[in-house]
Amino acid sequence: MISFKNVNKRYPDGFNALKNIVFAIEAGEMVLVTGHSGAGKSTLLRLIAAIERPTYGSVIVNGQDTRQLKKSAIPFLRRNIGLVFQDHKILFDRNVFENVLLPLQIGGFDIKVAARRVRAALDKVGLLKREKAYPITLSGGERQRLCIARAVVHRPSILIADEPTGNLDVDYARDIMDMFKSFHQVGVTVLIATHDATLLEDKQQYRILALAQGELAA
Amino acid sequence: MMSAWLNQHWHALFFALKQFISAPFASLLSIVVIGIAFSLPVGVYTLLINMQAYSGQITEAPQLSLFFKLNPNESEVEEIRQRLENHSLVTSLQFVSKELALQQLAQSDGLADVVGNLGHNPLPDAFVVTAHGVAAEDLERLRAVMLQWPAIDYVQFDAAWAMRLDALLKLGRLGVILLATLLSLAMVVVIFNTIRMQILTKRDEIEVSKLIGATDSFIRRPFLYFGAIQGLAGGITAWLIIALGIHVINNELVVLSELYAVDFHLKHLATKDFISLLLFSAWLGWLGARLSVAGYLWQIEPK
């Protein structure tokens, strides 16, 4: 489903974010990408969503090489991926419902079908009662869940989350992790980047990709 | 697939209209600016169309009058008649003898006494010739040739002034095109700037949309609708300004028409021209928006 072949990413300022990364993730796997901040976790996730392209090597997602992908094909690659951003990227000028609706509007869904799906997604993350609320009134944990609802509402086959438990206390973080597990259980391929040790209690359950200074530990 | 496309267009149109409602004063202001800018070329054009309709009536069948020297003999008149009848540009001719001319003059208001007091008939015999609707230069040349004919004293080209007006109107048309080009450019710039401001307030939305799989056309669409609607509204405003202007001028012309006993009033823009105006202004709005969004999308494209 996702494979990296000798991937290098060097930024224009000369910084080598990733060095010779090789791995493959099968459909339906749940993978944790770990490492200190600056280890290259975010870069790795951004390469999968074709937000950035590798300097060398190839990143293949759903059988498509992101480096050879035409600019016009990238949106369609991304529609197969749900993204949970580190900084949430919630739109503050619209309410919870409208935030989650956005991916479906982009996909051109009929409004009735879309509304049903939005409510289902909000129900899954426990925000159904707050669909009319504006993001400014939400707590940190609620914003994170809103971001997750938006990432899964269009039912992507890959779910990618960058530090989803970043600023949350332990209980909240566990809730969020449980949510990802439930998506994994219904067959979604899940990738989570984290430096949060608390998530690693039951790490034997998942595959771990440990990054250190841009290199994959054995 | 078709319904997805329609849904996306509804969505874009909805957002464009929402944009209008969220900033009604600013939107109205730019519509008025566009309307005023556009009313200038449209107004001049309307005026030209009206003058052209008027001069066209005269120039369609221009007349030449050939006046004889005093007392030509029969063979001289016959010779000229022959030449005119054989001339390719002449469509009809009529001989006006000096007696007939005097009679006609006597019938004119207030001139009967004057004619009665004349001891003799001072008028010359004449031919009145109607020519094909040809260019003013050709008729001027024809006039020069006829002047050389025997027994002809003077040739008058009645429609000369109308022909010159016609030529002037052609120049005016060029002026309208130049004016319209210039102001169209200004309109594109106005819309470009309006959309640029809007994009700045929607940067987050655009960024997020792109990240979760929006195509460039999805991002562009609401702005294109907005630009086109604004252009269209500007076009309608321009038309309203002109229609109001025509109405006011016509009210004054009524008085003038009565004084001179002629029916002269300005006509409104033809439906065909009206629709062209709206389509063109909407297109300009679309173009301004398109350029503006293209510039922004290019800016945020990861290099």
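## Burial and the overall form of chain B

A residue is called buried if 20 or more other C-beta atoms lie within 10 Å of its own, exposed if 12 or fewer do, and partly exposed in between. By this rule, 27% of the 303 residues of chain B count as buried in this structure, which is a predicted model.

The outline of chain B can be described with two further values. Its radius of gyration is 31 Å, whereas a compact globule of 303 residues would have one near 19 Å, and its C-alpha atoms fill a box of roughly 100 × 40 × 30 Å when this is taken along the principal axes.

## Elements and domains of chain B

Chain B contains 10 helices and four strands, and, read from the N terminus on, these elements follow the order α-α-β-α-β-α-α-β-α-β-α-α-α-α. If one takes the contacts in chain B between residues at least 6 apart in sequence, 87% of them join residues at least 24 apart.

The domain assignment divides chain B into domain 1, given as 2–58 + 164–300, and domain 2, given as 63–158. The centres of domain 1 of chain B and domain 2 of chain B, taken over C-alpha atoms, are separated by 53 Å.

Helix H7 of chain B, residues 160–201, has 42 residues and reaches 62 Å from its first C-alpha to its last, close to the 62 Å expected at 1.5 Å a residue. The buried residues of H7(B) include Met163(B) and Leu165(B), and also Leu183(B), Met187(B), Val188(B), Thr194(B) and Ile199(B).

## A serine in helix H2 of chain B

Ser39(B) is found in helix H2 of chain B, which covers residues 24–59. Ser39(B) counts as buried because 23 other C-beta atoms lie within 10 Å, and the cut-off for this class is 20 or more.

Leaving aside its neighbours within four places in sequence, Ser39(B) is in contact with Ala238(B), Ile241(B) and Ile242(B). The C-alpha atoms of Ser39(B) and Gly234(B) are separated by 9.2 Å, although these two residues are 195 residues apart along the chain.

## Where the chains touch

The contact between the chains takes 17 residues from chain B and 17 residues from chain A. On the side of chain B that touches chain A, helix H1 (2–22) and helix H8 (203–211) each supply at least two residues, and the largest share, six residues, comes from H1(B). Sorted by class, this side of chain B has eight nonpolar, seven polar and two charged residues.

## Nonpolar cores

The largest nonpolar core has 100 residues, of which Val33(A), Ala149(A), Leu159(A), Ile160(A) and Met187(B) touch the most other members. Helix H9 of chain B, residues 216–260, gives the largest share of this core, with 13 residues. A second, separate core of 13 residues includes Ala126(B), Val129(B), Ala131(B) and Leu142(B).

Ile160(A), when its neighbours within four places in sequence are left aside, is in contact with residues including Leu45(A), Ile48(A), Ala49(A), Ile81(A) and Leu191(A). Ala149(A) is one of the buried residues of H5(A), and among the others are Gln144(A), Arg145(A) and Arg150(A). Helix H5 of chain A, residues 140–152, has 13 residues and reaches 19 Å from its first C-alpha to its last, close to the 18 Å expected at 1.5 Å a residue. What covers the buried residues of H5(A) includes strand S6 (81–84), helix H3 (96–106), helix H4 (111–124), strand S7 (158–162) and helix H6 (170–185) of chain A.

Most residues other than glycine have a negative phi. Asn62(A), however, has a positive phi of about 50° although it is not a glycine, and Glu163(A) likewise has a positive phi of about 50° without being a glycine. Asn62(A) is found in the loop between strand S4 (56–61) and strand S5 (64–65) of chain A, while Glu163(A) has its place in the loop between S7 and H6 of chain A. Asn62(A) is partly exposed because it has 14 other C-beta atoms within 10 Å, whereas Glu163(A), with 21 such atoms, is buried.

His195(A) is found in the loop between strand S8 (189–194) and strand S9 (207–212) of chain A, and it counts as partly exposed because 17 other C-beta atoms lie within 10 Å. Not counting residues up to four places away in sequence, His195(A) touches Thr34(A), Gly35(A), His36(A) and Ser37(A). His195(A) and Lys41(A) are 154 residues apart in sequence and 9.3 Å apart in space, C-alpha to C-alpha.

Note on methods. Residues are numbered from 1 along each chain as its sequence is written. Chains are lettered from A and ligands numbered from 1 in the order in which they are written. This is a predicted model: local features need pLDDT of at least 70, side-chain atom pairs count only at pLDDT 80 or more; totals for chains, interfaces and linings use all residues. The radius of gyration is taken over C-alpha atoms; the globule rule is 2.2 Å times the number of residues to the power 0.38. Two residues are in contact if their C-beta atoms, placed from the backbone, lie within 7 Å. Ala, Val, Leu, Ile, Met, Phe, Trp, Tyr, Cys and Pro count as nonpolar, Asp, Glu, Lys and Arg as charged, and the others, Gly among them, as polar. The expected span of a helix is 1.5 Å times one less than its number of residues. Domain bounds come from an automatic or database domain assignment. A nonpolar core is a set of buried Ala, Val, Leu, Ile, Met, Phe, Trp, Tyr and Cys residues joined through C-beta atoms within 7 Å.
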